[in-house]
Amino acid sequence: MLKHLTTAAMGAAMLAGSSFASYAAGHAEYTIRATANSNENDEDYDGLVVFKNYVEAASNGKIEVELFIGTQLCSKGAECLQGVADGSIDVYISTSGGAASIFPYVQVLDLPYLMADDRIAEDVLSGDFVRTMRDMALEDSDDKIRLMTIGNTGGWRNFANTKRRLAEPADFDGLKIRTVVADLPQELVRALGASPTPIPWPELFTSFQTGVVDGSKNGITDIMGMKFPDAGLQYVTLDGHAYMGALWWMSNDKFMAMPEDMRRVVVDGFYALQQATFASPKRKSIEAYAAFVEGGGDLYVPTPAEKATFAAAAEPVQAWFTDNVDGGERILSALKTAVAEAEAKINAGRAADIQ
């Protein structure tokens, strides 16, 4: 009996799915063109698939989401954000570095050692801090570019290198650490005593092999996905200095042109996307860490005292940020407030749960 019921239910679901797909394809009132400059193994793609599925279903086919994975629509942050502003792209995901040339204050996400763990980061990125950043971006783009949510794209940034274990700031002395072109990551590397060396991502494998750089600051899934251990990267210090935030932007004109009920569907779709990108790196990192160690890699977790020395050495980067970045003081204040509130709430919950 159960078998027959299950078979019938599956048949009904398949029929409903095919009918819905037909309706969505033929009768959508709104089309959202979404792009991610990544691939189908990436957290960004995972999030977009969840977004597409949710929005098309919850809108009963009134909204169709078209996915463009890779560089079909655009290839660089500034170019892609310009596409969002002019309406040729509806949704785009960037890292903080990718958006920093237009919205420099988004680099606040790269300030080191402000968020302690996933629970804190996920709480902070689900509240008023993001709304503050959204307001700032709308102001600076003449109401054209809207920040919808901030998810994750690769877990946490950690320092990795080809030379030695990094257990204290003195261990950075003499190392050449790859950074992006943005100023803040370079300031962080200098504060820790190493030399920042901007290198394009596609050139990094060869740069490790030839000694152009000795290290980088990446998540483990990126390290293993790019096969950096084969180029000599054998030391990873899990200092977790920055959460790898993914900023999801949308054309404000496209969003506001929808009626309120459809805007609610889109907002809820971005919530579903955010939750998917929070979860995806946690799962993918398990296999990546295991593969790194099995390949002979040195995976080191700093003690709380050692991590405190890293944080103390990097603290001047906050002053640099507020002094040199337009909007820096406002957004850093919003982040610190959100972190304090999250810590109070989560620590109170932990205290109650362990009794």
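User: Is Cys80 buried or exposed?

Analyst: A caveat before the answer: this is a predicted model. Cys80 counts as buried, because its relative accessibility is 0%.

User: What is Cys80 joined to?

Analyst: A disulfide joins Cys80 to Cys74, with an S to S distance of 2.0 Å. That is inside the cut-off, which asks for cysteine sulfur atoms within 2.5 Å.

User: And Cys74, buried or exposed?

Analyst: Cys74 is buried, with a relative accessible area of 2%. The cut-off for buried is under 20%.

User: Which hand does the link have?

Analyst: The link of Cys74 and Cys80 is right-handed, with 110° about the S-S bond.

User: How many disulfides is that in total?

Analyst: The count comes to 1 disulfide.

User: Switching to charges. How many salt bridges are there?

Analyst: The structure holds 13 salt bridges. One of them pairs Arg33 with Glu66, where the closest N and O atoms are 4.0 Å apart. Arg33 sits in strand S1 (residues 30–36) and Glu66 in strand S2 (residues 63–69), so this pair ties together parts that are 33 residues apart in sequence.

User: How exposed are the two partners, Arg33 and Glu66?

Analyst: Arg33 is partly exposed, with a relative accessible area of 29%. Glu66 also counts as partly exposed, at 28% relative accessibility.

User: Which residue does Glu139 bridge to?

Analyst: Glu139 forms a salt bridge with Arg330, and their closest N and O atoms are 3.6 Å apart. This pair links distant parts of the chain: Glu139 is in helix H6 and Arg330 is in helix H14 (residues 328–353), 191 residues apart. Arg330 counts as partly exposed, because its relative accessibility is 41%.

User: What about Glu187, which residue does it pair with?

Analyst: Glu187 forms a salt bridge with Arg190, with 3.2 Å between the closest N and O atoms. Both residues lie in helix H7 (residues 183–191), 3 residues apart, about one turn of the helix. Glu187 is partly exposed at 24% relative accessibility, and Arg190 is partly exposed at 43%.

User: OK, patches next. Which residues gather in the patch of negative charge?

Analyst: Asp140, Asp142, Asp143 and Asp326 gather in that patch, which is on the surface.

User: Where is Asp143 found?

Analyst: Asp143 is in the loop between helix H6 (128–140) and strand S4 (145–161). Asp143 is partly exposed, because its relative accessible area is 46%. That is over the 30% that a residue needs to join a patch.

User: Now backbone angles. What is the phi of Asp143?

Analyst: Asp143 has a positive phi of about 65°, although it is not a glycine.

User: What is phi for Lys227, and where does Lys227 lie?

Analyst: Phi of Lys227 is near 60°, a positive value in a residue other than glycine. Lys227 lies in the loop between helix H9 (220–225) and strand S8 (235–251).

Conventions. Residues numbered from 1 in each chain as written. Predicted model: local features only at pLDDT ≥ 70, side-chain atom pairs only at ≥ 80, totals over all residues. Heavy atoms only, no water. Patch = residues over 30% accessible without salt bridge, like charges linked within 9 Å, V, L, I, M, F, W, Y side chains within 5 Å. Areas by Shrake-Rupley, 256 points an atom, 1.4 Å probe, with all protein chains shown as cover. Salt bridge = Lys/Arg side-chain N within 4 Å of Asp/Glu carboxyl O. Lys, Arg positive; Asp, Glu negative; His and termini not counted. Charge placed at Lys NZ, Arg CZ, Asp CG, Glu CD. Helix = DSSP H or I, 4+ residues; strand = E, 2+ residues; numbered from the N terminus. Buried < 20%, exposed > 50% of the residue type's maximum accessible area, 1.4 Å probe, protein only.
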